[in-house]
Amino acid sequence: MFRYLVLFIHLSVTNAAWAQPDSCARPDPNFHVYLLMGQSNMAGRGVITDDLKAAGNERVSMLNAGSNWVVARHPLHFDKPSVIGVGPGLSFGMDMLLANPAVRIGLVPCAVGGTSISRWQPGAYDEATKTHPYDDAVLRIQNAMRCGVVKGVIWHQGESDSNPAATATYLPKLAELIGRVRGLTGQPNLPVVVGQLGQFKDVYKPMNALLRTVPDQVQHTAVATSEGLSDKGDKTHFDGPSANEYGHRYAKQMLALQAAELIISGKQPPRPKTKKPVR
């Protein structure tokens with residue numbers, strides 16, 4: 001909370017100048033957009049306590065259900081209004097702002113609870129929510145790109161694919177999805193952070209083992225660990241504090257990917273190694 005208080009004091013005098021219009025004449029390079037994709041744990045199911053309800057900053061916006069930019073507050077998503085709650089997106093966005101206070105952050109909620117990765121393909125329909133998860137995400141991403149520049153994706157999904165048959169074919173489908181999103185944004189090296197499922201259910205162990213291999217199979221990706229996080233009592237969804245903590249972990253991995261990309265591209269020199277003192 002202290003770091004957010006410092007950030008608020010530092011930025012509050014200029015917040016008004018950063019009001020983001022609903023329609024944009026051109027993309028603002030200082031409006032950094034992040035895509036929040038996956039199923040229910042990305043959408044958020046944690047209880048919104050008073051302190052979490054108050055979280056936010058005027059420089060962190062979300063693209064709401066009407067495709068308008070508004071100040072980001074819990075809940076960010078709207079996939080299942082009767083059960084929606086705290087997810088990792090807001091704390092992630094706050095940390096990305098803290099790391100780069102000169103910009104503004106835009107979050108694009110795209111997650112749909114209960115969806116398997118097979119629903120994240122062009123034309124796929126989810127009967128439970130009456131949505132086309134991937135196609136709907138494409139429209140929201142395109143809307144967001146009119147205002148800012150997509151800087152990364154955080155992905156949390158796999159609970160619906162935690163069975164032997166689905167796990168066996170999961171990684172190629174995820175790699176294909178990442179490729180499609182990178183093609184859509186015109187960024188072949190777009191950073192993607194994949195989150196592990198909760199470690200409070202044995203059936204998730206094979207999927208978590210698979211997710212740990214994603215960076216070995218798909219370039220410019222990283223994995224955020226779910227170690228030590230708690231469920232809300234249903235052995236499926238993270239509670240509010242854990243979802244909030246998860247956002248910090250996603251941000252840490254995203255920042256590391258972005259730093260690595262700057263070094264690879266030659267835009268930022270690597271830090272010199274510290275020499276050990278001679279004794």
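Tutor: A disulfide here is a pair of cysteine sulfur atoms within 2.5 Å. This is a predicted model, where local features need pLDDT of at least 70, side-chain atom pairs count only at pLDDT 80 or more, and totals for chains, interfaces and linings use all residues. Residues are numbered from 1 along each chain as its sequence is written, and side-chain values use heavy atoms, with hydrogens and water left out.

Student: Which residue is joined to C24 by a disulfide?
Tutor: The structure holds one disulfide. Its S to S distance is 2.0 Å, and the partner of C24 is C147.

Student: How many residues apart in sequence are the parts that this pair ties together?
Tutor: Helices (H or I, at least four residues) and strands (E, at least two) are DSSP runs, numbered from the N terminus. C24 sits in the loop between α1 (2-11) and β1 (31-38), while C147 sits in the loop between α5 and β5 (149-156), so the parts tied together are apart in sequence by 123 residues.

Student: Is C147 buried or exposed?
Tutor: Buried means under 20% relative accessible area, exposed over 50%, and partly exposed in between (1.4 Å probe, protein chains only). C24, at 18%, counts as buried. C147 has a relative accessible area of 2%, so C147 is buried.

Student: How are α5 and α7 oriented, roughly parallel or roughly antiparallel?
Tutor: Axes are lines fitted to C-alpha atoms, for helices over the stretch in contact, and angles run from 0 to 180 degrees between N-to-C directions. Under 35 degrees counts as roughly parallel, over 145 as roughly antiparallel, 65 to 115 as roughly perpendicular and the rest as oblique. Helix α5 (residues 133-145) and helix α7 (residues 170-185) pack at about 30°, with axes 11 Å apart. That makes the pair roughly parallel.

Student: Which residues of α7 make the contact?
Tutor: Contact means heavy atoms within 4.5 Å. On the α5 side you have Y134, V138, I141, Q142 and M145, and on the α7 side L177, R180, L184 and T185.

Student: How many residues of helix α4 are buried?
Tutor: Helix α4 covers residues 89-99 and is largely enclosed by the rest of the structure. The buried ones include F92, M94 and L97.
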